[in-house]
Structure formats: C-alpha cells, structure tokens
Amino acid sequence: MKNYYQPELETMPLEQLQKLQSERLVKQVQYVYDNVEFYRDKMDEAGVKPGDISGIDDLHKLPFITKDDLRDQYPYGLLAVPLKDCVRIQSTSGTTGRRVVAFYTQEDLDIWEDCCARAIVAAGGTEEDVCHVCYGYGLFTGGPGLNGGSHKVGCLTLPMSSGNTERQLQFMTDLGSTILCCTPSYAANLGEAVNERGMKDQIKLKAGIFGAEPWTEEMRHNIEESLGIKAYDIYGLTEISGPGVSFECEEQAGMHIQEDHFIAEIINPDTGEVLPEGELGELVFTCITKKAFPLLRYRTRDLCWLTRKKCSCGRTHVRMMKPRGRSDDMMVVKGVNVWPSQIETVLLNQGYQANYQIVVDRVHNHDTIEVQVELTPEMAADSSVAVEEREKKIVSGLKSMLGIKVDVRVVEPKSIARSEGKAVRVIDKRNLYQS
Ligand code: DLL
C-alpha cells in the first residue's frame with residue numbers, strides 16, 4: 001500500500017483525531033526538549049516542562065517561535081538529529097539577512113511527499129495523469145515537493161521547473177499534461193500564452209495545483225477559464241516542510257490542514273492569545289511528526305481563519321481559508337490598512353488580468369499609492385472606451401474597497417514585467433521596515 005493513501009487518517013472522527021494529535025504532541029515535546037538546546041532553554045525560561053504537556057489542550061503553555069528565532073539559530077541551532085541523519089535541505093527565498101534553512105531526514109521527506117501526494121489525489125490525480133511541475137526546483141520547496149508527491153501517486157512527472165514558456169507549452173501539448181503545478185501568477189501567464197497562440201484545444205489539462213503566493217477567487221476564475229481546468233489552492237511554508245501543509249479538495253472552499261502531522265492555532269498577532277474557530281488571526285503551526293527540524297508553535301505571520309464545518313468530501317481535517325495577507329505585509333497607506341488582494345479583487349472584477357503593480361511612496365510626509373494595471377488585448381483594441389474613463393472607474397472601485405484615493409495608471413498590454421515565480425506586486429519605496 002502506498003504510504004500517503006491513508007483515508008482513515010484524513011477522514012477520522014474529530015475525537016479520534018485529537019487523541020492522535022495529543023499522543024503525538026506529548027512525544028514530540030519530550031523529543032524536542034531532549035534534543036534541541038534552544039527549545040530546552042526557551043521552555044525553561046517560560047517555566048514549562050515536557051511533563052506539563054499532556055495533550056493538545058496544553059499546547060497554549062508552550063512559547064512561540066518566530067522567524068527571528070530561526071534566523072538567530074541559523075544554520076544548525078534547531079537541528080534535532082545528528083547531521084549524518086539528514087538527507088536534504090531546502091531554503092526560503094529571503095532576500096535580506098540570513099536565510100532560513102530547513103533540514104529533512106528521509107522519513108521527513110517521505111511525510112512531506114505524502115502530504116503533496118494527498119493534494120494531488122484531492123485534485124483528482126491518479127497514476128493515469130501527466131503531472132507538469134513548473135514550480136522552481138532547487139532550494140525552493142515548490143518543485144521538489146510536488147515532484148515527490150507526483151511520484152508517490154504514480155503520475156508521469158514532468159520536472160519542468162519555472163520559466164521558458166515556449167518549452168512549457170511544447171511539452172504540455174506533446175506529452176499531454178493533465179495536471180499543472182505552479183504559482184497562480186505563472187498559471188495566469190501560461191493561460192494568456194495558450195490563448196494568444198490559439199492553442200486551447202491542443203492542451204489536455206484538467207486540473208491545476210497553485211500556491212506559494214496569495215491569489216483571489218477572481219484570479220482562480222480567470223485561470224480556470226483560460227486553461228479550461230479546475231484550479232486548486234495549495235499552501236505551505238519551508239519552515240514547516242513546504243507545499244502540502246494544507247490543500248483544497250473538490251469543494252474549493254478552504255484548504256484542509258494535514259492534522260495528523262500539523263496542529264494549527266489562530267492567535268491574535270498583537271497579544272498571542274488563542275482565538276476561537278472562525279476568527280481572523282495569525283496562523284501558528286506545531287509539527288508533531290517531524291524529526292530533523294521540528295518546530296513547535298511557529299508563527300507564520302499569515303492571517304486567516306479556520307473552520308471545522310463538515311466538508312462534503314469526507315475529510316475531517318480542519319480547513320483554513322485563503323490567507324487574507326500577512327501580519328507583516330499589510331501596508332498602512334494614508335493611515336489605512338491595505339491588503340494587495342483587495343486591490344486585485346477590484347481590478348479583476350473590472351475585467352483586468354492579474355498584471356498589475358502597486359507603487360507606494362511618501363512625498364513631503366504624505367503617502368502616495370499608485371496602481372499600474374495593464375489593459376487586456378481586447379480592451380486595447382476597443383477604442384469606444386477612453387483610457388481616462390477606465391482609470392476613473394478603477395479609482396472609484398478602489399475608493400469604495402479601501403476608503404482612500406488611489407492613483408491609477410492604465411498601461412499597454414505586456415508592459416509590466418512577467419514573473420516566472422512569485423510575482424512582485426508591491427513596490428514600497430517608503431522603506432518603513434528598514435532598521
Ligand atoms: O511558498 C511553499 C509552497 C510551494 C506552497 C508551492 C505552495 C506551493 P515559502 O517560500 O517558504 O514556501 O513561502 C511561504 O508563502 O507563509 C505564505 O505567506 C505564502 N503562501 C504559500 N502558499 C500560499 C497560498 C512556499 N496558497 C509563504 N496562498 C507562506 C497564500 C501562500 N499564500
């Protein structure tokens with residue numbers, strides 16, 4: 001039997017699931033305390049002993065761990081096994097300061113790939129499928145994670161990596177790719193390219209597994225239309241393993257968190273208080289099966305909410321809603337909280353594609369915010385609507401969404417640089433976070 005194929009773990013009644021989590025947590029806390037000096041010191045400082053944790057109800061007693069802790073402990077400070085037992089590292093794409101490096105034993109890799117395999121199965125994947133992986137390979141977890149999951153499911157795996165759209169399209173048509181795995185922004189680019197070339201009837205894609213960056217329902221709709229597929233969201237982060245920490249099922253209504261491996265909490269990002277189900281707050285994860293790099297109560301900075309409402313797919317694992325943003329990437333512009341996803345919603349609702357850029361600046365102590373958005377080729381060809389009129393309409397949509405005046409510049413199709421990985425949506429020239 002394949003490892004990942006454990007429907008009894010994905011559909012377990014809640015009481016049984018929580019019992020399993022409690023057993024795993026108790027063992028894990030002792031394991032981490034015994035093997036990682038950093039945790040031992042941190043727990044001692046907080047006055048918590050492993051014996052104080054007798055189940056998931058005691059989780060809140062443990063101290064949080066943050067990205068700063070990870071950076072401070074770089075590279076080996078959080079390792080819980082001898083280096084000789086590790087077989088892989090992956091790393092975040094952090095552009096400043098020290099990177100975060102995550103370590104994996106062979107067992108950790110197996111579990112991570114199982115999680116990705118579950119995501120592929122939830123998107124309808126079987127050994128009959130051709131799985132086209134154009135997440136980046138290398139230190140980034142996207143390519144290796146989905147690649148491993150695809151092997152486990154038994155799909156024919158195309159390890160394309162990102163970029164080179166012509167080659168992607170050629171393999172996609174020649175080999176009959178049926179499942180596409182990449183960032184949603186690259187999926188949108190591919191959709192655009194397919195339609196420009198009039199190739200839609202030559203592709204056999206049926207599903208896409210898109211994540212690694214925030215994307216809206218409007219963007220999902222556009223991708224589904226342009227590629228003729230069902231688009232599934234997948235979430236994860238390097239620190240916790242990579243993609244597959246949670247993923248959507250056919251309901252496309254929130255991502256099931258793999259609760260036999262990860263315990264999720266939502267906290268108030270300012271006070272650290274644990275919030276009840278349904279409230280928006282910061283997502284925190286505790287790994288209960290990882291061996292090499294086992295994080296307890298790791299603060300993700302992602303803002304979302306959870307629901308245990310019954311899902312028609314039969315999975316009982318809690319669902320997280322699409323992240324609303326990050327507690328650290330929310331922008332305060334003219335004193336107002338602005339999430340890039342709100343701006344995207346307005347643009348896509350008005351028929352634009354997700355080809356836009358937000359430029360924030362501060363001039364004479366006043367914030368300025370400008371949204372540059374590309375016309376679609378159809379809009380560019382339609383001379384009946386003046387550009388000024390289009391800009392006015394977006395300004396008004398943004399005003400009612402955000403409550404502030406945003407400058408808008410509509411630009412020619414293809415004039416904003418395309419991304420092959422995560423899109424750079426925001427250019428904040430204010431450098432508010434520089435120390
Ligand atoms: O992006 C892992 C991944 C690869 C997930 C491929 C899904 C698919 P990192 O580079 O460490 O890992 O970035 C993690 O990206 O904390 C979120 O802020 C964001 N993120 C990841 N998936 C989603 C998603 C990978 N589906 C950070 N929706 C996370 C919104 C996401 N944001």
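**Labels and cut-offs**

Guide: Let's start with E248: its relative accessibility is 3%, so E248 counts as buried, since buried means under 20% relative accessible area, exposed over 50% and partly exposed in between, with a 1.4 Å probe and protein chains only. Keep in mind that this is a predicted model, where local features need pLDDT of at least 70, side-chain atom pairs count only at pLDDT 80 or more, and totals for chains, interfaces and linings use all residues. Residues are numbered from 1 along each chain as its sequence is written, and side-chain values use heavy atoms, with hydrogens and water left out.

Visitor: What makes R220 and E248 a salt bridge?

Guide: The rule asks for a side-chain nitrogen of Lys or Arg within 4 Å of a carboxyl oxygen of Asp or Glu. For R220 and E248 the N to O distance is 2.8 Å, so the pair qualifies under that rule. R220 sits in helix α9 (residues 217-227) and E248 in strand β8 (residues 242-248), so the bridge ties together parts 28 residues apart in sequence. Helices (H or I, at least four residues) and strands (E, at least two) are DSSP runs numbered from the N terminus.

Visitor: Why is R220 called buried?

Guide: Its relative accessible area is 3%, so R220 falls under the cut-off for buried.

Visitor: Which class do E370 and R409 fall into?

Guide: E370 has 23% relative accessible area, so it is partly exposed; R409, at 39%, is partly exposed too. They form a salt bridge, with the closest N and O atoms 3.6 Å apart.

Visitor: How many salt bridges does the rule give?

Guide: The count comes to 28. Some are linked in a network, made up of E166, E192, E196, R197, E374, K414 and R418.

Visitor: What makes something a nonpolar core here?

Guide: It's a set of buried Ala, Val, Leu, Ile, Met, Phe, Trp, Tyr and Cys residues joined through side-chain atoms within 4.5 Å. The largest has 72 residues, and those with the most contacts inside it include Y39, I240 and F285. Helix α5 (residues 106-122) gives the most to this core, with eight residues. Apart from it lies another core, of 49 residues, C182 and V360 among them.

Visitor: Which residues line the largest cavity?

Guide: Among them are Y104, D108, W112, I240 and K290. A cavity is a set of points on a 1 Å grid over the protein atoms alone where a 1.4 Å probe fits but cannot get out, and lining residues have an atom within 4 Å of a point. The largest share of this lining, four residues, comes from α5.

Note on methods:
On a 1 Å grid over the protein atoms alone, a cavity is a set of points where a 1.4 Å probe fits but cannot get out, and a pocket is an open set with protein on both sides within 12 Å along at least five of seven lines; lining residues have an atom within 4 Å of a point.
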